[in-house]
Structure formats: C-alpha cells, structure tokens
Amino acid sequence: MPLEKTENVKKQLLRNNEYYNTQNLQDKLYQKSKNGFIFNNLISEIVNPNNILLAYRNIKNNKGAETSGVNDCTIADIKTKELAEWINYIQERFKNYIPHKVRRVEIEKPGGGIRPLGIPTIEDRLIQQSIKQIIEPIAEAKFYHGSFGFRPDRSAENAIAKVMHLVNLNKLHYAVDIDIKGFFDNVDHGKLLKQMWTMGIRDKKLLSIISVMLKAEIENVGKPTKGVPQGGVLSTILSNIVLNELDWWIHSQWEGVKTRTNYKSNSGKNRELKKNTNLKEVYIVRYADDFKLMCRDMESAQKIYVAVVKWLKDRLGLDVNVEKSKVVNLRKNHSDFLGFKMKVRTKGKKKVIRSNILAKLEGKLRRTIERKLMKLRKNRLLKTY
C-alpha cells in the first residue's frame with residue numbers, strides 16, 4: 001500500500017477510535033499485555049456496543065465493504081437497518097457462534113500464479129472486526145519490532161528501509177531468502193490457539209469462536225483442517241501471531257543475547273559477542289510471510305538457512321519452497337523483497353544497496369500511473385468549464 005494511502009488509513013482508524021471513545025480501552029489493553037496480564041474475559045469487551053459500532057464504521061470505510069459473501073449481502077444491506085438492530089444481531093451471534101460459509105475467489109498474483117481468497121459474509125466480517133479491535137492491542141504488545149506487515153504505524157516502506165539500513169550501515173551483505181510453501185493454507189490451528197494462549201489471550205469462549213471461524217466451510221471446497229483463509233479480517237493478525245514466534249527465536253540468536261556489559265550502542269555489544277561467543281550475527285525483517293534474514297558472511301548465512309528450515313518444520317509444521325529459498329551474496333546477485341530487487345553496489349569508497357522495481361511489476365505500475373494521470377487530466381478539463 002502506498003505510503004500516503006497508508007497514512008490516510010491510519011488517521012481514519014484513529015479518528016474512528018476517538019469517535020467511539022475506544023482508544024483509551026485499547027491503550028489499557030496494550031499496557032496490560034506489556035505487563036504480562038492474563039485476559040480471561042474479552043468477550044464482554046468485544047460485544048460492547050461501542051466496539052461493535054467502531055467495527056461497523058471501520059468495515060464501512062473499507063474498500064471491500066461492497067464485496068459480497070455467499071449470501072450476496074454488502075454494507076449497503078446493513079445500512080438499511082437500524083444500528084441498534086445490528087448491535088443486537090452481533091451480540092446474539094456471539095452467544096452461539098456458527099460461521100456462515102466462506103466464498104472462494106481466485107485472483108492472479110503480480111508475479112504469476114493464482115492466490116485463493118476466502119471472502120466471509122459481511123456479517124461475519126463485522127464479527128471478525130469486533131474481535132480484531134480487542135485482540136490487536138494485546139498482540140501488538142508482544143510482537144517483535146522487526147515485523148512490519150499489516151500492523152499499525154508500520155508499512156512495506158519501513159521494511160525496505162530496515163533492510164537498506166542493515167546493508168548500508170551494518171555492512172550485512174548476505175541475505176537468507178526463505179519462501180514458506182503455502183503459508184496461509186498450512187497454518188496449524190491447534191498451534192495458533194496455543195500461541196494466543198501464551199500471549200495471554202485466555203478467554204476460552206473467544207478461543208473456541210476463533211477455532212470455529214478457522215474451520216468455517218469454504219463454498220465448493222469443504223471445511224478446512226488447517227490454514228488461515230486470506231480475505232478474512234482476522235487473517236493478517238492471526239498470521240502475525242503464528243510467525244511472531246519465529247521473529248523472537250531469530251532475535252534470541254543474536255540481538256537478544258545478554259552481555260556482561262550494558263552498552264549504550266549496539267557496536268560495543270556486537271564486538272563482545274563476536275569476541276566471546278561462536279554465535280552467528282543475524283537479523284530478521286518480516287512483512288507478513290515475506291521475510292529476509294540478514295547476515296555478515298556466507299558461512300553464517302548458510303548455517304542460519306539450515307537452522308530456520310528445520311525450525312519452521314519442527315515448531316510450526318511449515319515447509320519451505322526450496323526452489324525459491326536461497327542464500328544470496330548481495331555483492332554479486334540480486335535479492336527480491338516486496339516488489340524490489342536489491343544489490344550492493346560500490347559508490348565512491350562505500351558499498352551501498354541499490355534497489356529497482358521488479359521487471360514483472362513495471363508494466364502494472366506504469367498502467368496504474370497512466371490511469372491516475374488520465375483521471376487528473378479529466379478533472380482539470382472539468383474545472384475549466
């Protein structure tokens with residue numbers, strides 16, 4: 001999502017929170033989670049009328065609000081009802097939640113291939129949004145700082161900037177590229193619920209509802225036994241919860257290691273770790289299931305590659321696409337990340353990263369720019385008359 005558009009979305013969400021006086025609650029949930037609080041009764045907050053009204057407002061402003069599920073209903077159908085009627089409807093659904101079927105849609109990936117989406121009904125999207133607004137601040141307090149995908153105040157631009165920082169300033173010229181095979185289709189439901197429990201989300205009724213949501217029947221496909229369908233409101237935060245464990249495991253291999261001296265800068269700590277340990281310097285930059293591990297030398301990168309492939313399989317039950325996963329020496333080869341190809345070039349006496357848009361995306365970007373320019377020209381013509 002472009003930076004300007006991302007900022008507009010963030011501002012709108014903040015305005016919505018303030019309008020329904022929910023920002024204070026979310027701040028309290030975040031702080032409690034930071035302090036290790038155990039949340040046993042979140043349903044009462046989820047079904048609070050203000051939280052449901054906030055969910056309605058957030059869904060209404062979403063570009064997908066006009067997209068229908070299996071029952072052909074959109075936000076236009078909800079607008080015909082009194083809000084009090086919808087609040088009561090949502091509250092009643094939570095008492096004995098049974099999800100509607102999920103509509104299956106297939107879209108083309110930018111780089112080729114098909115991505116399956118699961119589109120819940122607009123009613124179930126309202127329910128998922130009501131849940132997200134309460135569990136998001138709790139999860140945010142536990143998320144790793146190097147995760148940038150689908151999180152408040154973070155973006156793809158931040159992830160790219162982080163990689164460039166690690167290359168340009170930290171001189172980490174070896175990238176471990178890992179492609180998880182069908183990540184969203186292979187998330188283990190039981191493991192995900194345990195991860196939420198570990199985070200402090202221990203409302204058993206809520207976990208039961210989320211479990212049922214994950215198993216919602218997909219039209220013409222059946223009930224899934226694993227996976228988080230892309231297209232649902234909760235899919236992004238649930239996927240971040242799954243991979244948060246990976247983030248912190250990588251963190252524990254270098255950044256999180258304690259040293260005898262408390263250094264004011266990372267450079268002193270790094271020198272001590274290199275001198276007194278055999279640990280491999282590594283950092284993770286992640287955007288949803290797309291991530292890079294940055295290392296200082298080829299040997300470390302190769303060992304980290306093997307370790308991460310094994311860890312993903314053993315801990316999360318996820319396989320790696322070996323054809324797309326590799327170790328890249330950025331001084332010799334390009335590495336792709338979030339629509340850009342990156343390679344280290346010599347600039348004067350320094351080695352810095354140079355990035356270019358992937359060739360397969362140039363055509364799409366050019367068409368988008370041309371379409372927007374045409375729109376601007378039309379607007380100018382209208383204003384002259």
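Biologist: In β9, what is the bridge partner of Val 344?
Modeller: In this predicted model, Val 344 has Ile 353 of β9 as its bridge partner.

Biologist: How many bridges join β8 to β9, and in which sense do they run?
Modeller: There are 8 bridges between β8, and strand β9, residues 350-357, and the two run antiparallel. They form a hairpin with 2 residues between them, and Gly 348 in the turn has a positive phi of about 70°.

Biologist: Which strand pairs with β8 over 3 bridges?
Modeller: That is strand β7, residues 335-337, which pairs with β8, residues 340-347, in the antiparallel sense. Here Ser 335 has Met 342 in β8 as its bridge partner. β7 and β8 also form a hairpin with 2 residues between them. In that turn Leu 338 has a positive phi of about 50°.

Biologist: Is Asn 220 buried or exposed?
Modeller: Asn 220 is exposed, because its relative accessible area is 79% and the cut-off for exposed is over 50%. Asp 153 counts as exposed too, at 61% relative accessibility.

Biologist: What is Ile 131 in contact with, leaving aside its neighbours within four places in sequence?
Modeller: Ile 131 is in contact with Ile 46, Phe 94, Leu 206, Ile 209, Ile 210, Met 213 and Leu 234. As a general point, nonpolar side chains tend to be buried together in soluble globular proteins.

Biologist: Which residues make the nonpolar surface patch of about 330 Å²?
Modeller: Leu 365, Ile 369, Leu 373 and Leu 376 make that patch. Leu 373 belongs to helix α14, residues 359-384, and is partly exposed, with a relative accessible area of 37%.

Biologist: Why might such residues point the same way?
Modeller: An α-helix has 3.6 residues a turn, so residues three or four places apart point the same way.

Biologist: Lastly, what do the buried residues of α12 pack against?
Modeller: They pack against β4, residues 282-287. The buried residues of helix α12, residues 266-276, are Gly 268, Lys 269, Asn 270, Glu 272 and Leu 273.

Key:
Residues are numbered from 1 along each chain as its sequence is written. This is a predicted model: local features need pLDDT of at least 70, side-chain atom pairs count only at pLDDT 80 or more; totals for chains, interfaces and linings use all residues. Side-chain values use heavy atoms; hydrogens and water are left out. Contact means heavy atoms within 4.5 Å. Two strands pair if DSSP finds at least two bridges between them. Helices (H or I, at least four residues) and strands (E, at least two) are DSSP runs, numbered from the N terminus. Patches are made of residues with over 30% relative accessible area and no salt bridge: like charges are joined within 9 Å, nonpolar side chains (Val, Leu, Ile, Met, Phe, Trp, Tyr) within 5 Å. Accessible areas come from the Shrake-Rupley method with a 1.4 Å probe; for residues, only the protein chains shown count as cover. A salt bridge is a side-chain nitrogen of Lys or Arg within 4 Å of a carboxyl oxygen of Asp or Glu. Buried means under 20% relative accessible area, exposed over 50%, partly exposed in between (1.4 Å probe, protein chains only).
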